[in-house]
Amino acid sequence: MTVQAEYQRSSTAPVGQAVLEVRGLTVEYATGSVPVRACSDVSFTLHRGEILGVAGESGSGKSTLITALTRLQRPPAVTTGGEILFHGRDGAPPVDLVALGSKQLRRYRWTALSIVLQSAMDALNPVMRIGAQFTDVLRARDRSLNKRDAWTRAAELLALVGISADRVRDYPHQLSGGMRQRAAIALALACGPELVVMDEPTTAVDVVMQRQILAQVLRLRRELGFAVIFVTHDLSLLLELADRIAIMYAGRIVEVGEAAALYSAPKHPYTQGLRDSFPPLRAPLRTLNGIPGTPPDLRRPPTGCAFHPRCARRTEGCDERLPVLLPVGPEPGHEAACLLNETDGEMEGRIG
Amino acid sequence: MTESVPEVASAPDRQAAQAPEQTDAPTYVLEARDVSKHFTVRGPLGRTSVVRAVEDATVRLRPGQILALVGESGSGKTTLARMLARFHEPTQGEILLRGEPVTGSRRAQRAYHSEVQLIFQDPFGALNPLHRVRYNLDRALRLHQPHLTAAGREQRMTELLERVSLTPAAEFAAKFPHELSGGQRQRVVIARALAVEPKVLLGDEPISMLDVSIRLEMLNLLQRLRTEDGLALLYITHDIAGARYLCDEIAVMYAGQMVESGPKEEVISSPQHPYTKLLIESSPDPERGVGDRDELFAGADELGEPPSLIDPPTGCRFHPRCPFAMPECATEAPPRTELGDGHWATCWLHVKGRAGELAETTHAAATGARRGTLQEAS
C-alpha cells in the first residue's frame, strides 16, 4: 500500500476542521523556590492540513511549548494548566492529551502526532540501520506487518523525501546532514500522523538544503494532508512557509495571524521589531536597529506586558496591565496582545 | 594543476584593469595567495585518502574592508579562515600579512595573532568555562598588550565590555561563561578578540547561533569597528541577506574552490555563476514570500548536494548539479572571466557566450526544462 493510499483510507475529516485546540496551556519549571513559568496561558487552534509557524527568540517558550504539546516534557517541567484537545480524523470526540497517561499516549504517538527534532543525528539511533529504525516504528503500530514488508515500506518512505532506496541499509553517519534530516521527516510520516511538530528542522543545514526540505514538507503536506507546527527563530523563513504564524515572547503568544498580514501589517511592536531585524535580500539597505535590550529573565518577569521594558511605543499602563490577545486589523484570525490595539474600547465584549 | 587562467585575461584592456591591483598589492592587510589545503584521512580499512578542502583560493583584505565568504557547508570556507588564522599550514600557496610572507616561528605566530584574530561560530566552546569573564579577557590583554599595568588592563576591560554592550561591565566581568546567554557569550568572544587590537578579524559564522535581535546588534557592532578602527573583516556566512547588510564584497565558494567574487550588489542582483544563482534563489526573502507558495517552492524539491571532496567531479565541480551544463563542463575546469569592477566568475557559460541565460531563468525552472529535454531525447 502506498503512503498516499494509507492516508486516504483513514482521512475522512474535511480540511479546515480543527485538529488541535490548545486552551490556556501553562507550563512551569519547578526549580528553586519560585516556579518559572515558561509557557503562560497559550491558546491556539490548528486546522487540518495547516502549517502554523511559531517564532520567537531563545527563552520565549517555543521549545517548552513543543515538548508540552507532544507530551515529551521531563521534570522539572510540569504542565500546570490548560488542555490540549486532539480531534482524531475518525470523528471521535476530542481527547485531552494533558489528561492522558503515558500508556494511553502511546496510541497517539507516531499515528496521530509525531515530531521532527532539530538535530537528526541525535534523533536517530547511531548504531541502527536507517531501515531498521523505520521497521521498529512501523511494526510497533502494526504487529501484523512482516519484516520484509516493513523494509519495503521504509524504502518507499525514504523515496518520499528523495533518498534513494539503497540508502535504507545505511547507518545514520553515512548520510549527509541534510539527508539525515530528511530521513527524520520521513520517519515522522511513517505511520500517517495527522500532526507533525517540527522543532527547527532546518537550523543545522545550509540554505540550499533548507529550501529543499521546506519544498518537500510543502509537497508532502499537499499530498498527505497532515498539519504542521513549525517552530523556528527565523521569521523570514516562516513568512515563506507558513499559513499562519504565532509570535511568542516571554512564554506568551503576543500575535498570531496569516503570514501575509503579519508581514505587511504587524500589530504588536515586538512582531514589528522581529520583522525589521532581517536585512532584506533585494530591497534598498538602511541601518536596522532591531530590538534593543534582551529578553526578560523569566524568573523575574516584568509586570504588565513583558515586552514593555524594550518597547519603543509603550504608553501608560503597559507596566501594569497584561494585554490579552484581541482581534486586530482587517484580516480574520489576526490577533495581537498589545494595549495599543485596545484604545478603541472594543475589548470588553471580546474576552471570554 | 594550478589553472594559469586567473589574472592573465587575454584582452589588453583587461590587463589594464588588473594593473592598479598589482601596484596596490602592499595595501592589502591580509592576503591568501592561491592557497590549497589537503587533509589526509584514514578510512576504516586503513586506506588513506586525500580531502581537497580548499584549492587555489585567493582572498585579499584591505583595511576597513568587509568581505563575505559564502557557500554551503563543506565548501571550504572554514578551512580557508583557519589557514588565514594560521591554524592550518597551507599545503600550497602563501599567506601574506601586509605583503610579507608569514614565517612559522613562535614569536612570529604571536605577532601574527596580535594582528589577526579568529572568532569561532560556537561561543560555547571558545571561552574557558572554569574562569570568569574577567580572566578570559585579562589573559588576552596580558599576552598581547604586556605594556599595560593591572589598572590599565582593568580600564581596558571595562571599555571592551562596554563596547560590546555588556553593561554594567563590572557585573559581567564577574560572571562565568555558563551564566551568560549565547549572545552575551559571543559578545565576550568578540571583546576578547578586540582586546588584542587586531587589524583583521576573521569571523566564522560569528552570529549564526545568536538570536535575531542580537544578530543585528552584532552586525552593527562589526560595521562600527570597521568605520571607527579601520578593521578588516572576513565574514563567513551562509546568510546572504546578512552578508549584503554588512559587507562590501562577496566571494562564493563551492566544493573547495572560489567560483565567483565581486561587489555585493552585483553578485546578488546578477549572479554570474549558476551556483551563486542557486544560493541566492534559495535564501529566504520575505518580500518574495508573500505570494503563491507552491510556485515559490516549485522545483526546489531536489537541488542536490555538494560533492565529496575526496573524489571531486572532473571539470567544473558544480557540473553534476548545474542545469546549464555543457559537455566541456565535465571535462575541463572553466577559466576565470573578468566582468569589470572586480567582478569575476569561473563558468563556461561566459566563454561560450551563454551567460545571458543566467538572468533569464531560475535554477528550478532551468532544471525542469533540462529534465524535459533529456526525457524527450531518450
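**Entry 1. The contact between the chains**

I count two residues as in contact if their C-beta atoms, placed from the backbone, lie within 7 Å. I note at the outset that the model is a predicted one. With that cut-off I looked up how chain A and chain B meet: 37 residues of chain A and 34 residues of chain B take part in the contact. On the side of chain B that touches chain A, the elements giving two or more residues are helix 8 (212-229), helix 9 (240-246), helix 11 (274-282), helix 12 (286-289) and helix 13 (293-296) of chain B. I then asked which of these has the largest share, and found that helix 9 of chain B supplies it, with five residues.

**Entry 2. Chain A as a whole**

Of the 352 residues in chain A, 48% are buried. I also looked at contacts with a separation of 6 or more in chain A, and 64% of these join residues 24 or more positions apart.

**Entry 3. Strand 9 of chain A**

Is strand 9 of chain A, residues 244-249, mostly covered or mostly open? I found it mostly covered, as six of its six residues are buried. In a regular strand the side chains alternate between the two faces of the sheet. I checked the directions here: Arg244(A), Ala246(A) and Met248(A) point one way, whereas Ile245(A), Ile247(A) and Tyr249(A) point the other way. Residues of both sets are buried, the charged Arg244(A) included.

**Entry 4. The neighbours of strand 9**

Which way does strand 3 of chain A run relative to strand 9 of chain A? I found the two parallel, with four bridges joining strand 3 (residues 51-55) to strand 9. One pairing I noted is that of Gly53(A) with Ile245(A), its bridge partner in strand 9.

Strand 10 of chain A, residues 252-258, runs antiparallel to strand 9, and six bridges join them. Here I noted Ile253(A) of strand 10 as the bridge partner of Met248(A). Strands 9 and 10 of chain A form a hairpin with two residues between them. In that turn I found Ala250(A) with a positive phi of about 50°.

Note on methods:
Residues are numbered from 1 along each chain as its sequence is written. Chains are lettered from A and ligands numbered from 1 in the order in which they are written. This is a predicted model: local features need pLDDT of at least 70, side-chain atom pairs count only at pLDDT 80 or more; totals for chains, interfaces and linings use all residues. A residue is buried if 20 or more other C-beta atoms lie within 10 Å of its own, exposed if 12 or fewer, and partly exposed in between; C-beta atoms are placed from the backbone. Two strands pair if DSSP finds at least two bridges between them.
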